[in-house]
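Reader: I have a chain on my screen and want to learn to read it. Where do we start?

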Amino acid sequence: VKEGEKLEKGAVIKDLMSERIKEQQELERRMARFARNMDHLERARREEEAPYLESAWKERQEADRTYWENSQIEAARLHRQAWEVDIEEKKRLAYMMPDKDIFKGLIMQRREAEFQALRRERERRMAEMRTQRKYEREIARRKAYVTRCRSEVEARIKDMEEQRLKDIEAKKK
């Protein structure tokens with residue numbers, strides 16, 4: 001701005017806006033140039049490291065294969081060792097089989113005896129309950145008969161009393 005020159009608000013704003021747009025465009029150009037430069041560097045880095053990555057991948061694959069084979073061999077060895085220990089244990093315990101069978105037989109006999117005792121007790125209780133119910137039914141049947149007979153006798157007595165009263169009335173007339 002020159003000294004003594006009048007400034008207009010619109011012109012100043014317009015100048016500021018154009019200056020900002022130029023700065024923004026310059027920044028965008030620099031960013032695009034930087035991005036292109038980074039893309040070239042990244043591509044070059046990938047091209048340079050590709051053989052190293054492939055050799056590292058092959059080494060890792062070989063190491064994994066070796067580890068897997070070793071672990072399979074170790075697992076087979078441990079399985080065989082456990083199997084041999086189990087066979088030795090079976091041989092060691094084989095002499096106890098007759099004693100085990102005798103002990104098992106004794107336990108089974110004892111349990112069978114207990115079961116039979118419980119079954120007999122249950123059957124006895126069931127027979128008692130049947131007898132008790134039969135007795136109760138008989139008593140209920142007899143009470144019902146007695147009640148029925150009493151009601152019949154009372155009805156006859158009432159009829160006879162009514163008949164007697166009618167006869168007395170008839171005599172009076």
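Author: Start with one pair. Arg-80 and Glu-84 both lie in helix α1, 4 residues apart, about one turn of the helix. Helices here are DSSP runs of H or I, at least four residues, and strands are runs of E, at least two, numbered from the N terminus. This is a predicted model: local features need pLDDT of at least 70, side-chain atom pairs count only at pLDDT 80 or more, and totals for chains, interfaces and linings use all residues. Residues are numbered from 1 along each chain as its sequence is written, and side-chain values use heavy atoms, with hydrogens and water left out.

Reader: What do Arg-80 and Glu-84 form?

Author: The general idea comes first. Side chains of opposite charge can pair when their charged atoms come close. A salt bridge here is a side-chain nitrogen of Lys or Arg within 4 Å of a carboxyl oxygen of Asp or Glu. Arg-80 forms one with Glu-84, and their closest N and O atoms are 3.1 Å apart.

Reader: Zoom out. How many helices and strands does the protein chain have?

Author: It has 2 helices and 0 strands. The radius of gyration, taken over C-alpha atoms, is compared with a globule rule: 2.2 Å times the number of residues to the power 0.38. For this chain of 173 residues the radius is 58 Å, well over the 16 Å of the rule, so the chain is more spread out than a compact globule. Its C-alpha atoms fill a box of roughly 165 × 90 × 25 Å along the principal axes.

Reader: What share of the residues is buried?

Author: Buried residues make up 1% of the 173.

Reader: How far apart are Arg-60 and Lys-14 in sequence and in space?

Author: They are 46 residues apart in sequence and 64 Å apart in space, C-alpha to C-alpha. Arg-60 lies in helix α1. Its relative accessible area is 56%, so Arg-60 is exposed.

How values were computed
Buried means under 20% relative accessible area, exposed over 50%, partly exposed in between (1.4 Å probe, protein chains only).
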